[in-house]
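Here is a friendly briefing on how two parts of one protein chain meet. Have a look at the model first, then follow the notes on the interface.

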Amino acid sequence: MKYTNSLDFAKELDIKDPLQKYRKEFIFPSFTSKPVVYFTGNSLGLQPKSVRDAINTELDDWGKWGVEGHFEAQNPWVSYHEILTEKTARLVGAHPREVVVTHSLTTNLHLLMVSFYRPNGKRNKIICEKKAFPSDQYALQSQAKLHGFKPEDVIVEVGPRTGEHLIREEDIISTIKEVGDELAMVMIGGVNYYSGQVFDMKSITKAGHQVGAKVGFDLAHAAGNIKLELNAWDVDFATWCSYKYLNSSPGGVSGLYINEKHVKDEELVRLAGWWGHNKEERFLMADEFQPIPTAESWQLSNAPVIAMAIHNASLSIFDEVGMDALIEKRDQLTGYLEFIINDISNRYENVDFEIITPKNPLKRGAQLSILAHGKGKELFNYISKEGVVADWREPNVIRIAPAPLYNNYEDVYRFGQILEGALK
Ligand SMILES: *Cc1c(COP(=O)(O)O)cnc(C)c1O
């Protein structure tokens with residue numbers, strides 16, 4: 001598409017946008033003194049208006065039923081998580097028996113690694129991306145220690161080559177081959193949180209399996225942002241949070257996926273709790289754990305119903321729209337943002353914006369990460385004052401992500417105007 005940096009052009013795209021009606025279904029922050037341009041859906045998604053009713057339903061039922069609500073509520077709490085299963089499966093390209101919504105992201109990462117990082121003799125190495133999200137680094141390091149290793153002896157990081165910002169997939173694949181029969185697990189962010197780079201999860205999984213390793217992904221920046229086909233790609237395990245692109249409240253519940261071949265494997269080591277136990281017999285209080293033959297058996301505790309209600313309300317919007325329609329708009333919206341930034345960068349002498357996120361729409365989602373050479377924090381502070389809610393990552397990257405469900409082309413145009421204001 002040929003883009004133009006003008007308000008008329010942006011408004012015309014908004015009129016033609018098949019998803020335009022969804023913007024009204026979200027609450028935009030009101031704390032900024034100038035009208036807000038919210039480009040941080042990759043960090044905390046906006047509140048869908050529908051969550052208030054969803055929460056109230058559960059509060060009313062708690063009030064009316066007390067403990068009986070476990071069975072008598074409109075959405076009985078004892079099986080509450082099941083309401084989310086099919087929508088979640090569609091979102092990540094999995095069978096319903098492969099997914100469950102439970103716990104939080106880092107917790108799930110640990111629970112999954114207990115099952116899938118099983119070092120055996122010399123097969124004890126982990127491959128991850130360099131400068132992974134801190135929580136993932138800490139989780140990996142502590143898993144290594146749990147097995148008695150020094151993290152630096154078993155964790156192999158793959159980073160960008162000198163002078164580059166992105167990790168070459170060929171470098172990930174060749175590292176997998178090199179580590180070979182010493183490789184126990186690959187655990188990488190499906191979308192890199194810093195650069196916005198999308199990794200080819202299918203090829204990475206295949207390469208990992210060829211050397212006999214397990215392969216899992218942290219999908220915090222992928223769920224609700226890119227098309228996922230976890231089952232078709234034969235991924236062993238994955239987990240994601242719901243509060244970034246999935247708009248399901250700060251600290252909201254997480255989802256996890258475990259490939260069906262593992263789900264059925266009763267011998268697979270897992271940390272167990274009563275909510276993972278055979279549902280028919282849960283309340284018989286048996287002494288011995290009988291895992292449910294689905295991903296549900298990784299659940300430890302009964303579900304936090306209020307947080308689940310929020311996530312369910314939000315997932316319903318994704319289910320209605322579908323990832324294909326969302327991605328079509330995402331590419332056009334992010335493409336417009338890229339065009340505007342490059343247009344400004346070309347016209348102003350005093351700045352050079354370098355977008356480090358891949359140019360190829362198949363290799364990125366909604367996010368663009370910008371290095372502002374010659375400007376930096378001061379530019380960021382200016383645009384923040386003018387109503388832009390974006391994200392600053394040390395040492396010098398501005399991350400912005402127009403969310404296709406609620407951002408529009410006019411937001412992108414206005415962002416450009418504010419950026420120009422900063423340079424003038
Ligand atoms: C956001 C994010 C987290 C946060 O973990 P929580 O357990 O939800 O606090 C972890 N890892 C990655 C890659 C993230 O992007």
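Keep in mind that the model is predicted. Across the interface of domain 1 and domain 2, the rule finds two salt bridges.

**Polar contacts and the elements involved**
- Residue pairs in polar contact across the interface of domain 1 and domain 2 number 15, with both partners at pLDDT 80 or more.
- On the side of domain 1 that touches domain 2, the elements giving two or more residues are α12 (323–347), β12 (368–373) and β15 (397–400).
- Helix α12 provides the largest share of that side, six residues.
- By residue class, the side of domain 1 that touches domain 2 divides into 20 nonpolar, ten polar and ten charged residues.

**Layout of the domains**

- In domain 1, 40 residues are in contact with 28 residues of domain 2.
- About 2700 Å² is buried between domain 1 and domain 2, and carbon and sulfur atoms give 58% of that area.
- Which residues of domain 1 lose the most area to domain 2? They are M323, I356 and K363, which together account for 20% of what that side buries.

Definitions and conventions:
Residues are numbered from 1 along each chain as its sequence is written. This is a predicted model: local features need pLDDT of at least 70, side-chain atom pairs count only at pLDDT 80 or more; totals for chains, interfaces and linings use all residues. Side-chain values use heavy atoms; hydrogens and water are left out. Contact means heavy atoms within 4.5 Å. Buried area is the accessible area (1.4 Å probe) that two parts lose on being put together, summed over both. A salt bridge is a side-chain nitrogen of Lys or Arg within 4 Å of a carboxyl oxygen of Asp or Glu. A polar contact is a pair of N or O atoms within 3.5 Å; within protein, one must be able to donate a hydrogen and the other to accept it, and residues adjacent in sequence count only if both atoms are side-chain atoms. Helices (H or I, at least four residues) and strands (E, at least two) are DSSP runs, numbered from the N terminus. Ala, Val, Leu, Ile, Met, Phe, Trp, Tyr, Cys and Pro count as nonpolar, Asp, Glu, Lys and Arg as charged, and the others, Gly among them, as polar.
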